[in-house]
Amino acid sequence: MARGKLIVISAPSGAGKTTIAQTLLASHPSMKFSVSATTRPRREYEADGRDYYFLSKDEFRRRVDAGKFVEWEEIYGNYYGTLKAELDRCLAEGTHLLFDIDVKGALSIKRHYPEALLIFIRPPSIEMLLDRLKGRKTEDAATIARRMERAPMEMETGMKFDHQVVNDDLGRAIAEVDRIVQAYLTN
Ligand code: ADP
Ligand code: 5GP
């Protein structure tokens, strides 16, 4: 059986990667979302085990010590990580996995799995990034400021990705990501 493939989507917070990733998943039944673990509080619309595995910091650290993560990062004061067991199982059974993880995590995945496809979603401008983050209404002002502080490093690191897509018009950006993914999967 063919091994599953890995597609990683990263972007500064608010650029639209979750929106794009969810649309992609809906149109590719052969693809599964890689559910990460995190210590950040659950948002109202999120479900445990579907969007993230929500863990306490103690539980997360215990799993780090037990070697359960392929990669993990501290981002905005919380931990986020990719669990090894789920990834290996999906690859072995031929399931393609879609990751919504940060730029550093994406490069770690590429180091472990050089065949992985890395797509960076770029906001049209920093001002529009801030507008979208505010418009989402999921974070308070201090958290939004913290997320914005990380954007320059993310924009810089995104230059190392296999592809960069500007999320100006959502439909256009989704179509471009879709083309890139189709070409990768049929290769
Ligand atoms: P991320 O996962 O990168 O943090 P989201 O997918 O949550 O970003 O998108 C942030 C906000 O911007 C959401 O409210 C989303 O509906 C909106 N959004 C996403 N793409 C666009 C776009 N192209 N134009 C306008 N708003 C967008
Ligand atoms: P959010 O809190 O908005 O869901 O995510 C914050 C950041 O953490 C985003 O850049 C998101 O892609 C990233 N992230 C989510 N899961 C993981 C993961 O498993 N590993 C890494 N390195 N980053 C992650």
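How many aromatic pairs does the structure hold? The answer is seven. Keep in mind during this tour that you are looking at a predicted model.

**Stop 1: a sheet of four strands**

Begin by selecting β3, β4, β5 and β6. These four strands form an open sheet, and its order is β4-β3-β6-β5, with mixed pairing. Look at the edges next: β4 (52-54) and β5 each have a single partner strand, so one side of each is left without a neighbour in the sheet. If you follow the sheet from one strand to the next, the twist averages 25 degrees.

Now zoom in on β3 (residues 36-38) and β4. They pair in the parallel sense over three bridges. Select S36 and look across to β4, where Y52 stands opposite.

**Stop 2: helices on the sheet**

**Stop 3: a cluster of rings**

Here, show the side chains of F60, F69, W72 and Y79, which ring pairs link into a cluster. When you look at a pair of aromatic rings, two things describe it: the distance of the centres and the angle of the planes.

Is F60 buried or exposed? With a relative accessible area of 0%, F60 is buried, while W72, at 38% relative accessibility, counts as partly exposed.

**Stop 4: another ring pair**

Move on to F120 and F161. The ring centres lie 5.6 Å apart and the planes stand at 70 degrees, so this pair is edge-to-face. F120 sits in strand β8 (residues 117-122) and F161 in the loop between α6 (141-157) and β9 (163-166), 41 residues apart in the chain. F120 counts as buried at 0% relative accessibility, and F161 is buried with a relative accessible area of 6%.

**Stop 5: charges over rings**

Finally, select K57 and Y79. The charged end of K57 sits over the ring of Y79, 5.4 Å from the ring's centre. Then select R150, whose charged end sits over the ring of Y76, 5.9 Å from its centre.

Key
Residues numbered from 1 in each chain as written. Chains lettered and ligands numbered in written order. Predicted model: local features only at pLDDT ≥ 70, side-chain atom pairs only at ≥ 80, totals over all residues. Heavy atoms only, no water. Phe/Tyr/Trp six-rings, centres within 6.5 Å; stacked < 30°, edge-to-face > 60°. Buried < 20%, exposed > 50% of the residue type's maximum accessible area, 1.4 Å probe, protein only. Helix = DSSP H or I, 4+ residues; strand = E, 2+ residues; numbered from the N terminus. Lys NZ or Arg CZ within 6 Å of the ring centre and 35° of its normal. Pairing = 2+ DSSP bridges. Axes fitted to C-alpha atoms, helices over the stretch in contact; angles between N-to-C directions.
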